[in-house]
Number of protein chains: 2
Amino acid sequence: MEKLKKYVSPKDEDKFYHQGAVELLVFNFLLILTILTIWLFKNHRFRFLHETGGAMLYGLVMGLMIRYVTKASDVESGTVYECEKLNSGPSILLINITNQVYEYQYKREISHHNVNGHQGNAMLQKMTFDPSIFFNILLPPIIFHAGYSLKKRHFFRNLGSILTYAFLGTAISCIVIGLIMYGFVKAMVHLGQLKQWEFHFTDCLFFGSLMSATDPVTVLAILHNMHVDTDLYTLLFGESVLNDAVAIVLTHSITIYSPKENPNAFDAAAFFQSVGNFLGIFAGSFAMGSSYAVVTALISFMHLTKFTNLCEFPMLETGLFFLLSWSAFLSAEAAGLTGIVAVLFCGVTQAHYTYNNLSPDSKMRTKQLFEFMNFLAENVIFCYMGLALFTFQNHIFNPLFIFGAFVAVFVARACNIYPLSFLLNLGRKQKIPRNFQHMMMFSGLRGAIAFALAIRDTESQPKQMMFTTALLIVFFTVWVLGGGTTPMLTWLQIRVGIDPDEDLKAEAPSQSASNLDKNTTKAESAWLFRIWYGFDHKYLKPILTHAGPPLTATLPDWCNPVARLLTSPSAYGDQLKDGDTDYIINNDELTENRELSAHIPVPAQDSTGSSQGKEDIHEGDLGLGGYKLQLQHTPGQSQVNSSA
Amino acid sequence: MEKLKKYVSPKDEDKFYHQGAVELLVFNFLLILTILTIWLFKNHRFRFLHETGGAMLYGLVMGLMIRYVTKASDVESGTVYECEKLNSGPSILLINITNQVYEYQYKREISHHNVNGHQGNAMLQKMTFDPSIFFNILLPPIIFHAGYSLKKRHFFRNLGSILTYAFLGTAISCIVIGLIMYGFVKAMVHLGQLKQWEFHFTDCLFFGSLMSATDPVTVLAILHNMHVDTDLYTLLFGESVLNDAVAIVLTHSITIYSPKENPNAFDAAAFFQSVGNFLGIFAGSFAMGSSYAVVTALISFMHLTKFTNLCEFPMLETGLFFLLSWSAFLSAEAAGLTGIVAVLFCGVTQAHYTYNNLSPDSKMRTKQLFEFMNFLAENVIFCYMGLALFTFQNHIFNPLFIFGAFVAVFVARACNIYPLSFLLNLGRKQKIPRNFQHMMMFSGLRGAIAFALAIRDTESQPKQMMFTTALLIVFFTVWVLGGGTTPMLTWLQIRVGIDPDEDLKAEAPSQSASNLDKNTTKAESAWLFRIWYGFDHKYLKPILTHAGPPLTATLPDWCNPVARLLTSPSAYGDQLKDGDTDYIINNDELTENRELSAHIPVPAQDSTGSSQGKEDIHEGDLGLGGYKLQLQHTPGQSQVNSSA
């Protein structure tokens, strides 16, 4: 009874709260340290350690301290109690001990070999927080931000290649890693390090799928800062964004795949069910995400049209935008789909439609908000990765498995990039040069997604081994490959310092003279994409945004009444001058770029315009990539499309 | 064993995640609905239902639906298991059931009479989330935002009155409510509705302290929108902000107060210990909060001075600002102080010092970020209040107690406002008129803080009765008093539509001519305050910000080397023209106002300046109060203080 009191007095409950505060304080401290370091690095133009690498390093040091400095306190926690009277594991357990009822919440099932890990240091236990936090709280803002900041112009140009790398490439990578790891597992069984029944081929494929999620955040930040060729940047960025979605759904499908009899034998029915699951989940999540974005676009569009004074409340717009995007994630999760994939496509669609309907202030607010959340979430994850190496108590370091994983990851990346690039170059007019391919090979970093997928299940011994190995691969790739980006760029003789402004300026005069180089654009954008773009411009954009021609001009005559109803008054000024989709594409891009430069905050004191453009951080700015001059709004451009 | 499987299969675990998604989706849906309603209301200038009232209404309807539409599902959860072998309640319980180990996390102790409430509807249980979420996640942004947006000029003018209302007034209110409720409790015991030993005088005082936290968010939003007299606004806003802090610490102190023998008898030692606790916790939290703000100011100041290009990374500044402010809260909690109080004074100090060091972009970003978080948190709390009326399963509706509470709350508010106003008017040169007093009496709304304090402990029957009653008082005051604000203003003949610009413009010419009406200012600001302000301006501001004169001018000669080290180069331009603190006060205020208008985002397309000032939402804008024209930066003003 005395012992009992110890745990339930209000003061102790307070202590529980305060311990939560201490853990959060540790993370706050790490993040503050990271920010100060980034500040210092940025100032000294030090490029060998990226912020994420720094966050990981600080996490590592803190994990080391927590592990070896704090003492075991809650000794009794590890004891296993035998309760024969219980015949189920209810979600809430009410236990009557000497006439006092205590409420316990179900957390999880524990394998017997892990029970020891729960004894001892309570601080370590507290620092290892719930994996679902990664998936439900930390990843969504990162993925949404990636989707929201897809560099649209170049992205659509390279859409075919990006899709090939993301879908086919990830599948190849998954299978190659799976096969190589299966070979190593066989060897381990042969050497007696592992029991046959512990590690199936599906486990190897599972490892393959989670290790196929590349996260070249470090490389992209550096490429962006150094103004490397935009096509290379777009290929890498687009691939990594879509590849995350593919890897997550792939992992999910492999988890569901359960052959009936022999787990090592190939079961065709189960395999096709898995493929069906993959396609169903992917398509469902895509539909869920984009439909939420379309709803957001419609709401903001309606409000802009009918209640013209509502752009006076930018916070309401921002709030609605934020909540609806989050709802896309939650709805997908609630429907058994993949929230991350939904939120990715929600971000892409929001950027394409809703963004155009927002007031200038809301545009800036949403960008800054998502950018900030992305920054925080990213650094928390990397700090936590560093921490996890020492605070996670069930690591299994198997040298052979780790060696095998390193080999598998690099071979798989090579099998993904080189053959696919060769195939793509057969169809592309603008080939992907050799040095770009090497750079893409080099940029196969593993980061947040691989970690989050690996930490989701760490109960069984194979899963623990995978988690440990994944963590080490993340450390290696982020530090070594991330740090080596700048030397690698020099070594591969990739041209840096290309000003995207010049890139566009070179195009702009030809456009304003309506003298378009149609052939180039046609060759680069696939026919399927052009059909979609034409449809999008003629029907979707006029319905969902203020951009594009009025519906009355694009729909057949008999649809006129409907068209009038759906068209915003402001769209009438915009007459489609040319039916050519190529023109539309370029025209649309210009509109986009002009909008981006339209909401730069100019301090009232500084009206000379010298700070213009500095704050524009929309496109492709991963993390803190760089705040650099974007397209200026020149009168020549505005004549092309003056009413959008 | 079959039953067991039901709970532990991975699919079921997935279901657990998805249920979390469903609950969050409910809140998202409510918030989206609230935003759309606010949008509609703002458009139609409908003022009888404020957004918080709307959020509460939607929550109520949703709670009703969840209560009566969803079915009981998790029947087994309510069963109490007898585990004699357990002799303590460890924080993590490992239970071995038929050779499988399950992990359970300690949640809380449950009184026997509440066990029934845990049976049945799992959805209701899920919707009633952890009270610590209110204190640790939802309240801090609201309180920080309140501190950050204190209307400083008028606040310092009325500091004496505000402190009197906040400290003395809250104490009076607490004691009056406590006494009246004790009378009603005695009556209830007499009528046999309550047992003597269940409800002590300290419980009544506890109720008094939590019901003393006023939250006139609705009234303030309306007053702000209607441009009511700034002094009335400041008195109300200042009182409600500080009063929250006082009420929270008071509640904490009363919980700690534990007389040794008879709980109803007065124990002088315990009483003085409580008073000591109150003062200690308050002072400690104040020190914690302001020292974090000072650290932030110093860091941002150093970076501005030494690495001049760092204002190029506004997100880092914003991140640092956010993390350090949150750390103030967490550190106070970890040290056993009151985090809410720490974060309040952190906000006040950040606004006073750090704000001046931020780059224009960071100023806007921090404001928008905190405003957004405040908006979300506030509406979540009010939605939840509506929900709680139906989803909380242990309500105790006692008509006599509820009636008593309503009487007590209004009598206590009267005992707070009228006598204190009378006393204050004896000393004030600018009296608080009768109609202002009535308006303050009328604005005694109860909101988020009272609710959060009441929900923190709902285990015992008296506490449940208090929670139910507090909830009803919040409903009544928010809907009836909040809705009646506009008629009340008309009835009390309080002048509305005062343009704060004119207020300042009337002062500005006299200042730019250095012809100050010293007597008025002197009479309004107390001597203690003037000494502090002089010290602040001469020593603190130069050390912590770029505003104010250089230290070399204000410190004695022998301190010169130190002063040179601490002074930023940019401060040297600013020579103190006049040692008069009155001048400094006004001068400083001008600087502040000018800064506020200095970072208005001007869309590049709209360079006529017509939208200038629209976005300025810093001072005293609670929630969505209103986006209205703030002080313009006129050339005349900038001459007064050109180098700040």
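Predicted model: local features only at pLDDT ≥ 70, side-chain atom pairs only at ≥ 80, totals over all residues.
Good morning. Leaving aside neighbours within four places in sequence, Thr468(A) is in contact with His395(A), Ile396(A) and Phe397(A).

Thr468(A) belongs to helix 18 of chain A, which spans residues 461–483. Its relative accessibility is 0%, and Thr468(A) therefore counts as buried. Two polar partners can be named for its side chain. One is the side chain of His395(A), with which the side chain of Thr468(A) makes a polar contact at 3.0 Å. The other is the backbone oxygen of Gln464(A), which lies 2.9 Å from a polar atom of the Thr468(A) side chain.

Let me turn to the histidine at position 395, now in chain B. His395(B) sits in the loop that joins helix 14 (360–391) to helix 15 (399–427) of that chain. Is His395(B) buried or exposed? With a relative accessible area of 17%, His395(B) is buried, because the cut-off for that class is under 20%. Two backbone oxygens approach polar atoms of its side chain: that of Ala388(B) at 3.1 Å, and that of Leu389(B) at 3.2 Å. Not counting residues up to four places away in sequence, His395(B) touches Ala388(B), Leu389(B), Phe467(B), Thr468(B) and Leu471(B).

Next, some figures for chain A as a whole. The chain has 26 helices and three strands. Of its 644 residues, 61% are buried. Among contacts in chain A with a separation of 6 or more, residues 24 or more positions apart account for 82%.

Two loop residues of chain A may be set beside those figures. The first topic is Phe199(A), in the loop between helix 7 (159–190) and helix 8 (201–210). Phe199(A) has a relative accessible area of 2% and is therefore buried. Which residues does Phe199(A) touch, not counting residues up to four places away in sequence? They are Val185(A), Leu194(A), Cys204(A), Phe401(A), Pro462(A), Met465(A) and Met466(A). As for Gly54(A), it is 145 residues from Phe199(A) in sequence, and their C-alpha atoms are 35 Å apart in space.

The next loop residue is His227(A), placed between helix 9 (217–225) and helix 10 (230–256) of chain A. His227(A) has a relative accessible area of 24% and is partly exposed. His227(A) and Val496(A) are 269 residues apart along the chain, yet 5.6 Å separates their C-alpha atoms.

I move on to helix 16 of chain A, residues 434–442. Seven of its nine residues are buried, so the helix is largely enclosed by the rest of the structure. The buried residues are Asn435(A), Phe436(A), Gln437(A), Met439(A), Met440(A), Met441(A) and Phe442(A). What do they pack against? Their partners are helix 7, helix 9, helix 10, helix 15 (399–427), helix 18 and helix 19 (485–491), each in chain A.

Within chain A, the axes of helix 5 (residues 131–148) and helix 12 (residues 314–334) come within 11 Å and cross at roughly 120°. These two helices of chain A are therefore oblique to each other, and their crossing is right-handed. On the side of helix 5, Phe135(A), Asn136(A), Pro140(A), Phe144(A) and Tyr148(A) take part; they meet Phe321(A), Ser325(A), Trp326(A), Phe329(A) and Glu333(A) of helix 12. By class, that contact has seven nonpolar, two polar and one charged residues.

Between the chains, helix 14 of chain A (residues 360–391) crosses helix 12 of chain B (residues 314–334) at roughly 65°, and their axes come within 11 Å. Helix 14 of chain A and helix 12 of chain B are therefore roughly perpendicular to each other. This crossing is right-handed. Chain A contributes Glu371(A), Phe372(A), Phe375(A) and Leu376(A) to the contact, while chain B supplies Met315(B), Leu316(B), Thr318(B), Gly319(B), Phe322(B) and Leu323(B).

Thank you for your attention.

Technical notes: Residues numbered from 1 in each chain as written. Chains lettered and ligands numbered in written order. Heavy atoms only, no water. Axes fitted to C-alpha atoms, helices over the stretch in contact; angles between N-to-C directions. Helix = DSSP H or I, 4+ residues; strand = E, 2+ residues; numbered from the N terminus. Parallel < 35°, antiparallel > 145°, perpendicular 65-115°, else oblique. Left-handed = near helix turned anticlockwise from the far one by under 90°. Contact = heavy atoms within 4.5 Å. Buried < 20%, exposed > 50% of the residue type's maximum accessible area, 1.4 Å probe, protein only. Polar contact = N/O pair within 3.5 Å; in protein donor to acceptor, adjacent residues only side chain to side chain. Nonpolar A, V, L, I, M, F, W, Y, C, P; charged D, E, K, R; others polar.
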